[in-house]
Each structure stands twice: as structure tokens, then as C-alpha cells.
Amino acid sequence: MPDAIAYGGDWSPEQWPEETWEQDVALMREAGVNRVSVGIFSWSLIEPMEGVFEFGWLDRVMDLLAANGVKANLATPTAAPPPWFGDTYPEALPVDADGRRLYHGSRQGFCPSSPIYREKALRVAEQVATRYRDHPALALWHVHNEYGCHNARCYCDTSAAAFRAWLRSHYSSLDALNEAWGTAFWSQRYSEWAQILPPRATPTFPNPGQQLDYRRFSSDALIELYTAERDLLKKITPDVPATTNLMAGAHWDMDCWAFAAEMDVVSTDHYLIGARAEPHIDLAFAADYARSLGGGRPWLLMEHSTSAVNWQQPRNLAKKPGELRRNSLSHLARGADGIMFFQWRASRAGAEKWHSAMVPHAGTNTKIWREVRALGAELAGLEGVAGSTVEAGVAILVDHSSVWAQDHPAQPSTEMDPVEEAKRWHAALWRAGVTCDLAHPEGDLTGYRLVLVPALYLVSDAGAANLVRFVERGGVALVGPYSGIVDEHDRVRLGGYPGAWRDLLGVTVEEFFPLDGPIRLASGWSGSVWSEVAQATGAKVLDTYATGEPAWTRNEWGEGYAHYLTTRLDDDGLAEVIAAVTAEAGVGPAADAPAGVEVVRRSHPDGRSYLFAINHTGEDAVVTPPAGEPVTVVAGDVRIIPA
């Protein structure tokens with residue numbers, strides 16, 4: 001990562017007459033831009049015909065950047081194969097679960113398992129890397145773009161063959177696969193590997209184990225594409241770091257934990273979802289996830305928007321004055337060392353012409369441009385923040401395999417959404433002022449005092465044992481309903497729920513009781529969507545249903561404590577429970593602040609730190625650091641307090 005905060009966005013000069021390029025870089029200097037991403041969707045210009053490469057325009061772009069002191073995240077343009085690719089190699093185009101082949105005309109029009117696509121992608125990546133290996137503007141390789149955003153899973157015959165090869169590498173025998181998938185049910189037992197297909201459209205529910213493994217295989221296929229390009233780039237430019245832009249917290253079709261392990265620096269894209277009542281809390285979740293994927297190291301916000309986005313929401317809401325700055329500094333507060341936008345100049349044509357940009361259609365006499373310039377000046381004065389990190393005493397366990405398994409349509413309740421529940425528990429921490437990480441169930445939990453498990457339907461034996469050890473050694477855990485239910489193959493853990501942690505929690509659940517309305521608890525709180533008939537087999541009961549069954553329990557285990565909820569508590573009740581467990585774990589907020597004011601601390605190893613106080617309310621607020629004088633944060637403003 002740079003010594004200063006990286007600032008800029010995606011620049012697509014190929015969309016504009018060359019006479020505008022000089023104007024663009026002059027405006028970049030005016031705005032304080034020091035980094036742009038280039039070449040992302042340029043394959044058809046770099047290789048207009050198969051095997052014919054034209055770099056003159058990109059040479060001039062890279063030279064112009066270098067002459068003006070702007071560094072490049074240079075992309076391999078492999079996210080958007082050109083028309084000649086689909087026309088020449090139609091067998092490499094993706095196929096959906098219904099057997100329809102998807103044709104060229106947008107982006108990501110390829111099958112991830114296609115050897116033809118891989119060959120052509122590596123060839124153009126090699127051409128780009130060889131040409132610009134020593135270019136002074138080159139700072140970072142931006143490999144591909146948003147892997148799996150539109151083609152996360154392909155169901156063609158090539159993918160079927162690749163899936164069978166993947167299965168053979170993961171299972172010792174066909175008997176082992178049949179056992180893992182439970183193929184004795186519905187006469188699905190396989191007698192030959194060749195009989196196995198992707199989970200294409202079927203008369204009714206697909207096999208859960210098959211669906212889960214296909215999600216894993218598909219994620220691995222995309223990661224293999226990334227590592228193939230990355231390894232090629234490393235051979236040519238061993239000292240240039242490589243990344244790709246994940247969509248952490250928003251795109252769950254890839255295993256971000258596995259993907260991030262292959263990246264030199266984690267980068268991600270984040271866009272506000274207009275339907276959310278408090279979108280800035282969703283932003284915080286995504287930022288905390290991005291930071292956690294890199295083990296707490298600084299990360300790069302590769303894309304976000306200056307104002308409205310371009311997608312199919314009922315209303316693509318524009319950002320209000322000051323919101324651009326608050327959003328950007330919220331990411332910075334939570335560990336980003338780069339603040340970048342999609343895109344630099346708003347497109348005049350194409351599918352994303354209504355997406356906001358740093359330079360809008362209306363030009364520089366605009367709110368957006370004034371805020372872009374002001375943010376650039378502010379970030380230039382915050383170079384001391386670069387390289388600092390965020391520490392958290394709380395972790396929320398999330399796992400893509402568990403999300404994928406619970407996504408199977410045959411579930412007790414379709415309203416038990418694991419991603420939304422994880423975000424809801426994170427939001428409760430946010431409102432309490434407590435900064436948290438996200439963690440993989442099998443990850444290192446050392447250093448945390450509290451671990452939350454909102455919705456982990458699937459957990460491996462290793463993940464289950466990891467939480468037990470954490471509590472045994474003095475940690476506090478809070479486990480939500482419908483967690484620990486199945487093993488890594490989506491097979492029920494027998495003997496009573498929650499199977500993986502029945503002993504740890506001191507609770508045995510006999511039966512699930514999904515709800516069609518609220519249920520009152522003795523405390524006065526209410527539950528919704530879900531309840532369980534449970535018995536405390538060692539745990540202390542802290543709250544009950546009116547019928548007397550446990551709703552909230554606490555069990556002493558080793559040197560720590562494990563809490564369990566058997567219902568989806570309302571927001572007020574959840575806030576009270578989380579307040580209780582954070583207090584028990586000795587975890588508190590970064591500062592004393594009123595509701596709606598976000599406070600996060602970034603620190604250097606030498607003791608220098610920065611307290612970010614972000615006021616998301618319409619009223620002025622007073623923030624009091626643990627060891628410092630009260631500070632007033634004006635409504636809608638951000639204060640960064642060196643300490």
C-alpha cells in the first residue's frame with residue numbers, strides 16, 4: 001500500500017476523444033487524484049481481432065499519467081471478452097441452470113471452466129504485462145474485475161467435466177461421495193463418476209450436498225482463474241503487487257476468505273443499497289469484512305459511488321450534500337488506505353451511463369465536483385493515517401459454505417436469512433459503538449474477548465472445536481438459533497440441536513418451531529420468525545417463553561461463558577443481550593458518543609492513533625474520547641482527532 005492515501009477512480013479514456021485526456025489529467029491534479037484504474041474493460045481495443053494487439057492508445061494514456069504524477073492500477077482486461085471471442089468460440093460462453101447459452105452483449109460472457117477462455121485471457125494478460133512491466137506509472141495489477149459478479153456458476157458440459165474432476169480430488173472414492181451427499185435418498189446413488197452433473201434444473205429440490213459442492217467448485221474455479229493470471233504477472237513483474245476487487249459483504253457467490261488469501265492486498269467495491277434504512281451501517285459491515293479478509297491489514301476501496309448508482313433498484317437515490325465525504329471517511333476509519341470511485345468521468349453511452357462519477361455529466365460546476373476536490377485535499381492532509389490499523393475485541397463468525405448450504409430451498413423457514421442476521425448483529429454492535437471484525441469459523445480467534453455466531457447453520461468439526469477452545473480459554477460466546485445444525489456436507493448432526501455446540505451451550509433442542517407472528521418472552525422482549533423447544537441440560541436460563549422453555553441461556557465452560565438464543569430477538573432485545581455479553585467480555589466503545597455517531601480508532605504500532613468521529617445525525621453531537629477533552633461534531637460532519 002502507498003505511503004499516502006490512494007485517491008482516484010476508474011478512468012476510461014478509451015470512451016472519449018483523445019483531446020479530452022489532457023483535460024482529464026489536469027482535473028485530476030486539481031482534485032488531488034494520485035491513483036486511477038485503467039484498462040479494465042479494454043480487451044476489444046487492445047486485441048481488436050484475435051492475435052492482433054494494439055497498444056498505441058494505452059501507451060499514450062500511461063505516459064500521460066506518469067508525466068502528471070498519477071499512478072495506475074493497471075488492469076488485465078479479462079472481465080469482458082470481445083465480440084470475436086464469443087463469435088469464434090461459442091462453446092466457451094456460459095450456460096445457465098436451464099440450459100440456455102448466454103451470448104455476448106454485456107460483460108463476463110465466458111464459462112469460468114473454459115480452457116479456451118483461460119488460454120485467451122492469459123495471452124492478453126501476458127501482452128499487457130510484458131509491455132508495461134517497467135512503466136513508471138505502474139503501481140498495482142488490477143486483475144480482471146469483480147470475479148463472478150454475473151457468471152458465478154456455469155452449467156455447461158465443460159463445467160460438468162471440471163466439476164467431476166474437482167469431486168475426484170476432494171473425495172477418496174465414489175462411495176465417499178455417495179455417503180457425503182446422502183444419495184440413498186430419492187434413489188440418487190451414483191455408480192459411475194460420469195453420471196454426476198451440475199445441479200441443473202430438475203423437477204423439484206436438487207440434492208443439498210450436490211448443490212453445496214457445486215457452489216464450492218464454482219468459487220474455486222474463479223479463484224483458479226485469478227491465481228493463473230496473478231502467477232503469470234508475478235513472473236514478469238515480481239515486485240508489483242496484485243489484487244482484484246471483491247464485493248465483500250454484498251456478493252456471496254465466492255468464498256472471499258479463500259480468495260483473499262491469494263491477494264497481495266485486499267481490495268473491494270461497495271455501493272449503498274437505497275432500500276436500507278441506515279445504509280451507513282451496511283457500509284460499516286462491508287468495510288469491517290474487507291479489513292478482516294486481510295487479517296486486519298490496510299485494504300483498498302477500489303470502487304464506490306460519488307452519488308447515485310446505475311442498477312435495477314426501484315430508485316437509484318442520489319447522495320445528499322456531505323454524504324460522499326462521510327461514506328469515504330467511514331471506509332478510511334475502518335482500515336482503508338485507498339478511496340477510489342467508479343468512475344472518473346461519467347459515461348455518455350453504454351449500460352452504466354447513469355452511474356455517478358467524479359466528473360459528472362454536468363461538469364465541474366456541480367456539488368459532486370466540489371465535494372470531490374474537497375475530499376482530495378482532505379485526504380492529502382491525512383497521510384499519517386496510512387499504514388495504521390483497526391483493533392477489535394469482538395468477532396462475528398461468517399462462512400460462505402454455511403450461507404450456500406442454508407440457501408437450499410428445503411429449509412424450515414425461508415425467513416431465516418443468515419447474511420441479514422449477521423448484518424443485524426453487526427448493526428447492534430455498531431449502535432453500541434463497538435468495533436468488530438468478521439472471522440472464519442476455523443480462523444484464529446486469539447485476541448478476541450467476545451465471539452458472536454448469529455447464523456452458522458453449517459460448521460465443520462474443526463470450526464466447532466475452534467469455538468469450544470475459545471470459550472474454554474476464557475472467551476465469551478453468543479450463539480444464535482439454527483446454528484451448528486449440520487456438518488460440512490450439510491448432514492444433520494444427530495442427538496439434538498444445536499449438534500455442534502450442544503455440550504458447550506448446555507442446551508438440547510428437541511424441535512424447531514418457526515413462527516408466523518411475534519412471540520412474547522418473560523423479559524418483555526419479543527421473538528419473531530423462529531423459536532425452538534429446548535431444555536437446559538447445564539446452562540442457566542436467563543429468559544423464557546411464556547410456556548417456560550428457554551429463550552436465552554448462559555453456560556459456564558472452562559474459563560469462559562457460552563450464551564444461546566433460541567429465537568430471533570427483536571432489535572431492542574438483541575441490543576440488550578449484546579450489551580450484556582460485551583460487558584461480560586469487557587469490551588466497550590472507542591469513545592462516549594450519542595446514538596448515530598460512529599467512532600472508530602486507527603493506530604500505529606508506535607502509539608500514534610486517529611479517532612474518527614462520524615456524525616450521521618441531523619444534530620450536533622459531543623464525543624468524549626476515553627482520555628481526552630470532549631469534541632463537538634457538527635451534524636453530518638466528520639472529525640478526525642489525532643491522539
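Q: Why are α5 and α8 called roughly parallel to each other?
A: In this predicted model, the axes of helix α5 (residues 115-132) and α8 cross at roughly 30° and come within 10 Å. Axes are lines fitted to C-alpha atoms, for helices over the stretch in contact, and angles run from 0 to 180 degrees between N-to-C directions. Angles under 35 degrees count as roughly parallel, over 145 as roughly antiparallel, 65 to 115 as roughly perpendicular and the rest as oblique. α5 and α8 are therefore roughly parallel.

Q: What is the handedness of the crossing of α5 and α8?
A: The crossing of α5 and α8 is right-handed. The term applies if the near helix is turned clockwise from the far one by less than a right angle, and left-handed applies if anticlockwise.

Q: Which residues make the contact of α5 with α8, and how do they divide by class?
A: Contact means heavy atoms within 4.5 Å. On α5 the contact is made by Y117, R118, A121, L122, A125, E126, A129 and T130, and on α8 by E224, L225, A228, E229, L232, L233 and I236. The classes are nonpolar (Ala, Val, Leu, Ile, Met, Phe, Trp, Tyr, Cys and Pro), charged (Asp, Glu, Lys and Arg) and polar (the others, Gly among them). By these classes the contact has 10 nonpolar, one polar and four charged residues.

Q: Why are α6 and α8 called roughly perpendicular to each other?
A: The axes of helix α6 (residues 157-170) and helix α8 (residues 208-236) come within 10 Å and cross at roughly 100°. α6 and α8 are therefore roughly perpendicular. The contact involves S159, A162, F163, W166, L167 and H170 of α6, together with Q210, D213, Y214, R216, F217 and D220 of α8. These residues of the contact divide into six nonpolar, three polar and three charged.

Q: How are the numbers in the names of helices and strands assigned?
A: Helices (H or I, at least four residues) and strands (E, at least two) are DSSP runs, numbered from the N terminus. The protein has 17 helices and 26 strands. Residues are numbered from 1 along each chain as its sequence is written, and side-chain values use heavy atoms, with hydrogens and water left out. As the model is predicted, local features need pLDDT of at least 70 and side-chain atom pairs count only at pLDDT 80 or more, while totals for chains, interfaces and linings use all residues.

Q: What makes β11 and β18 stand at the edges of their sheet?
A: Two strands pair if DSSP finds at least two bridges between them. Seven strands form an open sheet in the order β11-β10-β12-β13-β20-β19-β18, with mixed pairing. β11 (436-439) and β18 (540-544) each have a single partner strand, so one side of each is left without a neighbour in the sheet. From one strand to the next, the twist averages 20°.

Q: How many bridges link β19 and β20, and in which sense do they pair?
A: Strand β19 (residues 550-557) and strand β20 (residues 560-565) pair over six bridges in the antiparallel sense. W557 stands opposite G560 in β20.

Q: Which strands of the sheet does helix α14 touch, and which does helix α17 touch?
A: Helix α14 (residues 418-431) touches β10 (394-397), β11, β12 (450-453), β13 (476-479) and β20, and its direction makes about 165° with that of β10. Helix α17 (residues 571-585) touches β12, β13, β19 and β20, and its direction makes about 160° with that of β13.

Q: What makes β22 and β26 edge strands?
A: An open sheet of three strands has the order β22-β23-β26, with antiparallel pairing. β22 (597-603) and β26 (638-642) each pair on one side only. β22 and strand β23 (residues 609-615) are joined in the antiparallel sense over seven bridges; V599 has A613 in β23 as its bridge partner.
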